[in-house]
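Welcome! Take a look at the model, then follow the notes below it.

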Amino acid sequence: MLMRSDPFRDLDRFAHQVFGTAARPAVMPMDAWRQGEEFVVEFDLPGVDANSLDIDIERNVVTVRAERPGLNPDREMLATERPRGVFSRQLVLGENLDTDKIEASYREGVLRLRIPVAERAKPRKIAVEHGDAQTSIDDNVKRHEVINA
């Protein structure tokens with residue numbers, strides 16, 4: 001049986017494996033949502049050693065770096081679809097988040113960041129002062145006429 005090779009199809013398949021697609025990134029897929037007064041971001045990092053995780057914050061940019069170790073060269077691999085080596089992802093956070101209080105945890109191959117909403121960005125009520133001594137507009141106009149006369 002003769003098999004035809006389509007180099008463009010093969011290139012497209014390779015590009016999807018290496019770079020992923022918009023719907024399914026190959027490296028560090030992420031979910032993010034708001035939960036009460038904090039934002040939660042989860043990164044899928046199966047097979048990554050927790051000691052290789054590095055999270056940096058500079059102003060409002062969070063950079064997550066991880067390393068999945070290379071393969072044992074003595075193995076005869078039948079399929080290699082998971083990316084290896086060091087990879088990173090950056091998130092640009094809004095000014096309404098408190099980057100000083102970010103918490104990170106790594107369990108079962110999922111890195112979770114909890115980012116609280118900054119106090120200054122939370123909705124709040126402003127008290128309106130009022131008292132018994134109120135000055136009417138007519139009283140102010142009469143005082144103004146007396147001073148200018």
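Let's begin with an open sheet of three strands, arranged in the order S3-S4-S5 with antiparallel pairing. Its edge strands are S3 (54-58) and S5, each pairing on one side only. From one strand to the next, the twist averages 15°. Please keep in mind that this is a predicted model.

- Eight bridges hold S4 and S5 together in the antiparallel sense.
- Asn60 sits in the loop between S3 and S4.
- A polar atom of the Asn60 side chain lies 2.6 Å from the backbone oxygen of Leu93.
- Setting aside neighbours within four places in sequence, Asn60 is in contact with Leu91, Val92, Leu93, Glu95 and Thr99.

**The S6-S7 hairpin**

- S6 and S7 form a hairpin with two residues between them.
- In the turn of this hairpin, Glu108 has a positive phi of about 50°.
- S6 runs antiparallel to S7 (residues 110-116), and five bridges join the two strands.
- Two bridge pairs you can look for are Ser105 with Arg112 and Tyr106 with Leu111.
- Is S6 (residues 103-107) mostly buried or in the open? Of its five residues, the number buried is zero, so S6 lies largely in the open.

- Glu42 belongs to strand S2 (residues 38-44).
- Why does Glu42 count as buried? Its relative accessibility is 18%, and buried means under 20%.
- The side chains of Glu42 and Arg112 are joined by a polar contact of 2.4 Å.
- Beyond its neighbours within four places in sequence, Glu42 is in contact with several residues, including Pro29, Trp33 and Val110.

**The nonpolar core**

- How many residues does the largest nonpolar core have? It has 18, and those with the most contacts inside it are Phe43 and Leu45.
- S2, S4 (61-68), S5 (85-92) and S7 each supply at least two residues of this core.
- Apart from neighbours within four places in sequence, Phe43 is in contact with a set of residues, among them Met28, Val64, Leu91, Val110 and Leu113.

**Salt bridges**

- The count of salt bridges comes to five.
- One of them joins the side chains of Glu38 and Arg114, at 3.1 Å from N to O.
- This pair links distant parts of the chain, with Glu38 in S2 and Arg114 in S7, 76 residues apart.
- Glu38 is buried because its relative accessible area is 18%, whereas Arg114, at 22%, is partly exposed.
- Another salt bridge joins the side chains of Asp54 and Arg65 (3.5 Å, N to O).
- Here too, distant parts of the chain are linked: Asp54 is in S3 and Arg65 is in S4, 11 residues apart.
- Asp54 is partly exposed at 33% relative accessibility, and Arg65 is partly exposed at 34%.
- Asp54 and Arg65 also belong to a network of salt bridges that includes Asp56.
- Lys101 forms a salt bridge with Asp98, and their closest N and O atoms are 4.0 Å apart.
- Are Lys101 and Asp98 buried or exposed? Lys101 is exposed, with a relative accessible area of 52%, while Asp98 is buried, with 17%.

Conventions: Residues numbered from 1 in each chain as written. Predicted model: local features only at pLDDT ≥ 70, side-chain atom pairs only at ≥ 80, totals over all residues. Heavy atoms only, no water. Helix = DSSP H or I, 4+ residues; strand = E, 2+ residues; numbered from the N terminus. Buried < 20%, exposed > 50% of the residue type's maximum accessible area, 1.4 Å probe, protein only. Polar contact = N/O pair within 3.5 Å; in protein donor to acceptor, adjacent residues only side chain to side chain. Contact = heavy atoms within 4.5 Å. Pairing = 2+ DSSP bridges. Core = buried A, V, L, I, M, F, W, Y, C linked by side-chain atoms within 4.5 Å. Axes fitted to C-alpha atoms, helices over the stretch in contact; angles between N-to-C directions.
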